[in-house]
Amino acid sequence: MDKPRVAFFDFASCEGCQLQVINLEEDLLQVVGAVEVVSFREAMKGHSDDYDIAFVEGSITRHSDEERLEGIRRCAKVLVALGSCAALGGINCLKNFHDQEYVKKLVYGDKALLYETYPARPLKAVVPVDFEIPGCPINRNEFAMVVKAFLLGKKPEIPNFPVCVECKMAENICVFEKGMTCMGPVTRAGCGACCVTEGSFCWGCRGLVDDPNADSQRDVLATHGLSVQDVLGKFRLYTGFSEVAK
Amino acid sequence: MKLRLIEKSDLDLFVQNLINDYQVDGVKRKEGSFLYGSIKSPEELCLDFDCTVIPPKKYFLPPEETLFQFTSSPALQVTPVMESNPFILFGVHPYDIKAINQMDRIFARGVPDPHYLKRREAALIIGVDPTKVAPRSFWADMGAATVSEGFDLMLTDIGESFIVEIGSNKGRSLLEQHAKPRPATRNEARERVGIRSRISHICKKRGFAFPKREIPTLLEHSWKKFFWEEQASKCLSCGTCNLVCPTCYCFDVQDNIDLDLVHGERVRRWDGCLLHDFAKVATGENFRETRASRYRHRFYRKGLYLFRLLDDMACVGCGRCASACLPDIADPVNLFNKLREDEK
Amino acid sequence: MNQPMLEDSPYLPKWAEITRIEQLTESEKLFEMRLVSGEPLGHTSGQFVELSVMGIGEAPISISSAPTENDVFELAIRKVGNLTTAIHSSVTGDRVGIRGPFGTHFPVEEAKGKDLLFVAGGIGLIPLRSFIRFVLDHRDEYGEVMILFGARNPSERLFLHELEQWEKREDIIYLDSVDKSGPGWKGNVGVITTLFSKIHVDSSRTYCIVVGPPVMYRFVILEAKAKGIPDRQIFLSLERKMKCGIGKCGHCQINHLYVCQDGPVFRYTDIFDLEEAL
């Protein structure tokens, strides 16, 4: 079998997910050995439009993005949304809750007129997406798992259970027990509960599980002292797009 | 029963001697909670804990464990992986020992599971009677305040010293070779009885409002109740109650492969019947699709299904599920009492 | 505690070589295999194996060949998940992992000298074929043999060549139906239960063996009961998620029963009152 040709692209994002790919370190060499990377702005010069798998980071925030993404979709046999911005809309969607002109002025000041923007959205709002690797940033082991799955001709499987599972397996003390609040009970696992393990709490960056009990999670957060506005904020941080979409 | 006694002042020496000869794991403090972990010096070992976050099942059924390693080319090859490094588990409460005894039966019945049994065989268990009761514990009501088997040594804090009960020949030689025990006097033995009954009495403040032997029958009549839906509407399907339970042992099996696509391993990981995809097959059919069906299954499994298999409920009253469940719907005491109340 | 042979992990597969592949329908293939060790699989009709491809995983697959077919065995597999997709892309000569056979079997011995009514819905025919073939190989040991087969549409009918043969045989009754007709279909149209009105059974001496999708059981059992077939002579095979095959992993549990060990074949009287079974 010929090595699959792989290309990386980015839209509105911090490029942190592509950085995670570069941070694969020794595994990166194996990935690079197993595939042929034909385009990766963050790591190499040169570019080709002849590729099989496109990994696309970032959310879509303007009309001109759509055209470019459609072009990528036409070239790629498989299109993978890389990271929460691409998969869920992510943090960029926070601006969707404000007036777009106001947001533009806030960011660009008197240069606002020079820029185009519209409410941020995930890739799947524009083109069909074959697979999503959520996370802010992505978990690089999960990225490697997805690459291996493609190489094996297998559909990659990411967990459909909440972060609590991995958190318990890591023997963390529950965030709520420590007087903080956490989005772990409704957030898709796959990160190994890394934030809690490091002493923080789950921000919900991987988006919700398929069948989240959002009502119960809201009750739990309220019981632990969060106001309605705070609870909303917790849910909106990464999955604001789906809220508006509903 | 011959009981021994070691002075508290000699305990550290005992522990240190064990550390010198064995891998010793025991309960450690972390951020106000208690966890089992590796003990490198006697000061680390905590014996006056109320309950650990994760039960000691992790030593016999680890959260993730390799069943075998494989190579897929040039020739298919598999090598089983079985861990059996001897170790001492120092400080296990009777209810957790009861849970391990139950797990031993599960993994030995029918087709035995050598991965579990090898780890189990390699362990020396030093039990300790609780001196504190966790807020949600009800082990006294579950008949798990004391155990008569499943330990190599069992310690009871009687003030200035520990009474030591010998549970096995291995335990006896461990004690004789690593500590300076003397026979306990009749008075000291009596003191152990008193201490056990006092702590049991404290624990009994939480419990069932009816005899627990009626739980299986209660469940037989309760399948269709709206109660399950009502309770489960709050269920986050996070599996926490399963994962922290000392008698839950369900697992998933998966393959991990290296990027060379040649070397890999088959692993098993903790799974939980509360999780959405637990009973879902490849065709998409999910045999327990609703929260309520999964929630109900857990209690039926604990109180009826495993009771039918083992003649004992699969709950030892540690209360871990109750204290870990965020919407607070996992507590067997609350649940069975409500169910019983509902029946009247 | 029992003293097991601790070196023998029940999770280790044996190797089997694929000796023949036949496309059955658009989504099903038949794989004939032989254990590399040369020993026979040693199954009884109704049992299953855990089939695995290293790096992809493992899945329970029912055995479709009769135990009497020498040293080869057959698995008919629908392409639905990762494992079955990987198997579908394999070629003759490839090696796969096999654990088992696991589970209970059809009443092969008990039904000797009795009449048999086989009721298969869709890919339920796959495990049932094992028993049917056994019975046809030992035809004089059984009484009347009736086979009812229902598929959703003509294109989902498996083992076409065999179905034709069964239809032609004088010593058995074979009837089939499709839920929805399709190009070239001239046979019965309607759900499988509509076939019951076309047969006569000597109820007290009939064993009814049912395998099909979960929704089918309730209706077929009602028909079987209406024919007067005693409950304890009705057998069925249940599908559940199975990971270990040895009654440990918990996925297949129905009440106190583990489908992988106490099933997949159950006598109706053993499960009719168990919640979640049917």
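This is a short talk on how the parts of this structure touch one another.

Hi everyone, and thanks for coming. One thing to keep in mind from the start: what you see above is a predicted model.

Let's begin where chain B meets chain A. On the chain B side, 27 residues are in contact, and they meet 30 residues of chain A. Which elements of chain B each supply at least two residues here? They are β3, residues 33-38, and α8, residues 240-243. As for the kinds of residue, this side of chain B has 17 nonpolar, five polar and five charged ones.

Now let's go over to chain C. Here 41 residues of chain B are in contact with 37 residues of chain C. If you want to find them in the viewer, several elements of chain B each give at least two residues to this side. Among them are the strands β4 (64-71) and β5 (77-80), and the helices α2 (94-108) and α3 (114-121). Which element provides the largest share? That is β11 of chain B, with six residues. The side of chain B that touches chain C splits into 26 nonpolar, six polar and nine charged residues.

Next, let's look inside chain B. Its domain assignment gives domain 1, residues 3-203, and domain 2, residues 212-343. Taken over C-alpha atoms, the centres of these two domains of chain B are 25 Å apart. Where they touch, domain 1 of chain B contributes 34 residues and domain 2 contributes 27. On the domain 1 side, β4 and α2 of chain B are the elements that give two or more residues.

Last stop, chain C. Its assignment also lists a domain 1, residues 14-102, and a domain 2, residues 115-237. Their C-alpha centres lie 24 Å apart. How many residues does each domain of chain C bring to the contact? Domain 1 brings 15, and domain 2 brings 14. On the domain 1 side in chain C, five residues are nonpolar, seven are polar and three are charged.

Notes:
Residues numbered from 1 in each chain as written. Chains lettered and ligands numbered in written order. Predicted model: local features only at pLDDT ≥ 70, side-chain atom pairs only at ≥ 80, totals over all residues. Contact = placed C-beta atoms within 7 Å. Helix = DSSP H or I, 4+ residues; strand = E, 2+ residues; numbered from the N terminus. Nonpolar A, V, L, I, M, F, W, Y, C, P; charged D, E, K, R; others polar. Domains from an automatic or database assignment.
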